[in-house]
Amino acid sequence: MSFDVICFDCDSTLSKIEGIDELAKRVGLGDELSKLTDAAMNGDVALEDVYAKRLNLIKPNRADIEWLSYLYISELVDGVEVVFSQLEQHNKTVHIISGGLLPAILPLAKLLNVPQSHVHAVDIYFDDNGAYLGYDIDSPLTKNGGKAVIIKSLESNNVVMVGDGQTDLEAQKVGAKIIGFGGVISRDAVREKADFFVEENDIRKILTFDLI
Ligand SMILES: [Mg+2]
């Protein structure tokens, strides 16, 4: 099976970290908030119920986001650069679709040669001094079903979504196939419902599903 459009989740798929959890740890709120993220990714609680709660407690400033952008890159999952260069060589359309924070993910996307217009994530706002002002509360990616909304907007009926979480599985609702990636966190709910599943921690394994 070959796909025209290949979409990737970011946190625990392209990078080994959960960005918002790393921000929480940085400000001393780690344990409490990472439980919320995990519950949302397992489908036990609604994403919209945890999204505002996490950010309004953390209030990440511009320097925190810059720090996180380096962490995303230094914790890159094995094989990611090879996968993206192979997809580019075969003229595949690639998107990154994430519930994470846009300015923290853009440097990683740039490294992988993904244009900014193909990065779908949640924008965040700062004042002139770099202090946190808020996030894009209208973004579909702060809610369950958001990844399906973005994929529908891509207007292709031949899409595959690669991701580790419940929010990635939701892309099935609009006809996307799902490759569950268990190389960082292996979730039972995703393994059961995904069309394909990778247990290995090297993402090059997805190329064995004849994506190209
Ligand atoms: Mg993820």
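This is a predicted model: local features need pLDDT of at least 70, side-chain atom pairs count only at pLDDT 80 or more; totals for chains, interfaces and linings use all residues.
Local features need pLDDT of at least 70 and side-chain atom pairs count only at pLDDT 80 or more, while totals for chains, interfaces and linings use all residues. Residues are numbered from 1 along each chain as its sequence is written.

**Exercise 1.** Work out how helices H4 and H6 cross and which residues meet.

*Solution.* Start with the elements: helices (H or I, at least four residues) and strands (E, at least two) are DSSP runs, numbered from the N terminus. H4 covers residues 62-74 and H6 covers residues 102-111. Next, their axes come within 7 Å and cross at roughly 35° (lines fitted to C-alpha atoms over the stretch in contact, with angles from 0 to 180 degrees between N-to-C directions). Then look at who touches whom, where contact puts C-beta atoms, placed from the backbone, within 7 Å. On the H4 side you'll find Ile65, Leu68, Ser69, Tyr72 and Ile73, and they meet Pro103, Ala104, Ile105, Pro107, Leu108 and Leu111 of H6.

**Exercise 2.** Find the buried residues of H7 and what they pack against.

*Solution.* Buried takes 20 or more other C-beta atoms within 10 Å of a residue's own, exposed 12 or fewer, partly exposed in between, with C-beta atoms placed from the backbone. In H7 (residues 146-153), Gly146, Lys147, Ala148, Ile150 and Ile151 pass that test. Their partners are strands E1, E2, E3 and E6, plus H8.

**Exercise 3.** Is Gly175 buried or partly exposed?

*Solution.* First place Gly175: the loop between H8 (166-169) and E7 (177-181). Now count: Gly175 is partly exposed because it has 13 C-beta neighbours inside 10 Å. Finally, Asn158 sits 17 residues away in sequence and 8.1 Å away in space, C-alpha to C-alpha, from Gly175.

Terms used
Two residues are in contact if their C-beta atoms, placed from the backbone, lie within 7 Å.
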